[in-house]
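Thanks for making time this morning. Please have the sequence and the 3D view open while I talk.

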Amino acid sequence: MRTRLGEPDENGRQRPEVVPGSEEIIAADAVVIAFGFQASPAPWFDSANIQVDERDRVTAPEHGQYAFQTSNEKIFAGGDMVRGSDLVVTAIYEGRQAAEGILDYLGV
Ligand SMILES: Cc1cc2nc3c(=O)[nH]c(=O)nc-3n(C[C@H](O)[C@H](O)[C@H](O)COP(=O)(O)OP(=O)(O)OC[C@H]3O[C@@H](n4cnc5c(N)ncnc54)[C@H](O)[C@@H]3O)c2cc1C
């Protein structure tokens, strides 16, 4: 399928969207599947009361009551599942900040 850039989001970034009706089937002997960059919420998120946003990213604000706490007070999250595709250093930073958030939550 062909894609085109959609409307800018709140940060002014345009994301690719599928051009309707552009799908075509190409014969192939082998297909290599590449990893994507989209969050994929686990099936148990609903029963664990973990909220995600319109792009399936886990809601866990850095500057909430406890850093990177999700809508389930006992679960903290950071990295790509919260920010969307980003960098390793960002994921490490958020993991460390989430650990601080957990310590604050536990009061230790
Ligand atoms: C193709 C590609 C190239 C990239 N190149 C770069 C680069 O050059 N430099 C850079 O800085 N960043 C790069 N990135 C981005 C970087 O890889 C991510 O930002 C970073 O890995 C995010 O770390 P994370 O811990 O949030 O998530 P992840 O690294 O995705 O870690 C999540 C982990 O959770 C595991 N997991 C999932 N579900 C479960 C479960 N139910 N139970 C237990 N474990 C589970 C997964 O197996 C995975 O190991 C690249 C990403 C991609 C896809």
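I'll go through the charged pairs, the nonpolar cores, the ligand site and a few backbone details.

One caution before we start. This is a predicted model. Please keep that in mind for every distance I quote.

Let's begin with charge. Side chains of opposite charge can pair when their charged atoms come close. How many salt bridges does a search of the whole structure find? The search finds five. I'll walk you through some of them.

Start with Arg4 and Glu17. Their side chains form a salt bridge, with N to O at 3.2 Å. Arg4 sits in strand E1, residues 3-8, and Glu17 sits in strand E2, residues 14-18. So this pair ties together parts that are 13 residues apart in sequence. Arg4 is partly exposed, at a relative accessible area of 43%. Glu17 is partly exposed too, at 34%.

Next, Arg15. Its salt bridge partner is Asp9, and the closest N and O atoms are 3.3 Å apart. Arg15 is partly exposed, with a relative accessible area of 29%.

Now to Glu94. Which residue does Glu94 form a salt bridge with? The partner is Arg83, and here the closest N and O atoms are 2.9 Å apart. Glu94 lies in helix H2, residues 88-106, while Arg83 lies in helix H1, residues 80-83. The two are 11 residues apart, and the pair links distant parts of the chain. The side chains of Glu94 and Arg83 also make a polar contact, at 2.9 Å.

Is Glu94 buried or exposed? Glu94 has 2% relative accessibility, and the cut-off for buried is under 20%. Therefore Glu94 counts as buried. Arg83, on the other hand, is at 38% and counts as partly exposed.

What else does Glu94 touch? Leave out residues up to four places away in sequence. Then Glu94 touches Phe68, Gly78, Gly79 and Arg83. The salt bridges here also join into a network, made of Arg83, Asp86 and Glu94. Hold on to Asp86.

On to the nonpolar cores. The largest one has seven residues. They are Phe45, Ala48, Ile50, Val58, Ala60, Ala77 and Val82. There is also a second, separate core of five residues, including Tyr66, Ala67, Phe68 and Ala98.

Which residues is Ile50 in contact with, leaving aside its neighbours within four places in sequence? The list is Trp44, Phe45, Val58, Thr70, Ser71, Asn72 and Ile75. Phe45 and Val58 are on that list, and both belong to the largest core.

Now the ligand. The residues around the ligand are Phe37, Gly79, Asp80, Asp86, Leu87, Val88 and Ala91. From the side chain of Asp80, an N or O atom is 2.8 Å from an oxygen atom of the ligand. Asp86 uses its backbone: an N or O atom there lies 3.1 Å from a ligand oxygen. Val88 also uses its backbone, with an N or O atom 3.0 Å from an oxygen atom of the ligand. How much of the ligand does the protein cover? On its own, the ligand has 1,000 Å² of accessible area, and the protein covers 30% of that.

Take one more residue from that site, Ala91. Ala91 is found in helix H2. Ala91 is partly exposed, with a relative accessible area of 32%. Now find Gly79, which is also around the ligand. Ala91 and Gly79 are 12 residues apart along the chain, yet their C-alpha atoms are separated by 4.0 Å.

Last topic, the backbone. Find Asn49. Asn49 is not a glycine, but its phi is positive, about 60°. Asn49 lies in the loop between E2 and H1, and at 43% relative accessibility it counts as partly exposed.

Asp56 is another case. Its phi is positive as well, about 65°, and Asp56 is not a glycine either. Where is Asp56 placed? Asp56 is in the loop between E2 and H1. Its relative accessibility is 34%, and Asp56 counts as partly exposed.

That's my tour. Over to you for questions.

Definitions and conventions:
Residues numbered from 1 in each chain as written. Predicted model: local features only at pLDDT ≥ 70, side-chain atom pairs only at ≥ 80, totals over all residues. Heavy atoms only, no water. Salt bridge = Lys/Arg side-chain N within 4 Å of Asp/Glu carboxyl O. Helix = DSSP H or I, 4+ residues; strand = E, 2+ residues; numbered from the N terminus. Buried < 20%, exposed > 50% of the residue type's maximum accessible area, 1.4 Å probe, protein only. Core = buried A, V, L, I, M, F, W, Y, C linked by side-chain atoms within 4.5 Å. Contact = heavy atoms within 4.5 Å. Polar contact = N/O pair within 3.5 Å; in protein donor to acceptor, adjacent residues only side chain to side chain. Near = heavy atom within 4 Å. Areas by Shrake-Rupley, 256 points an atom, 1.4 Å probe, with all protein chains shown as cover.
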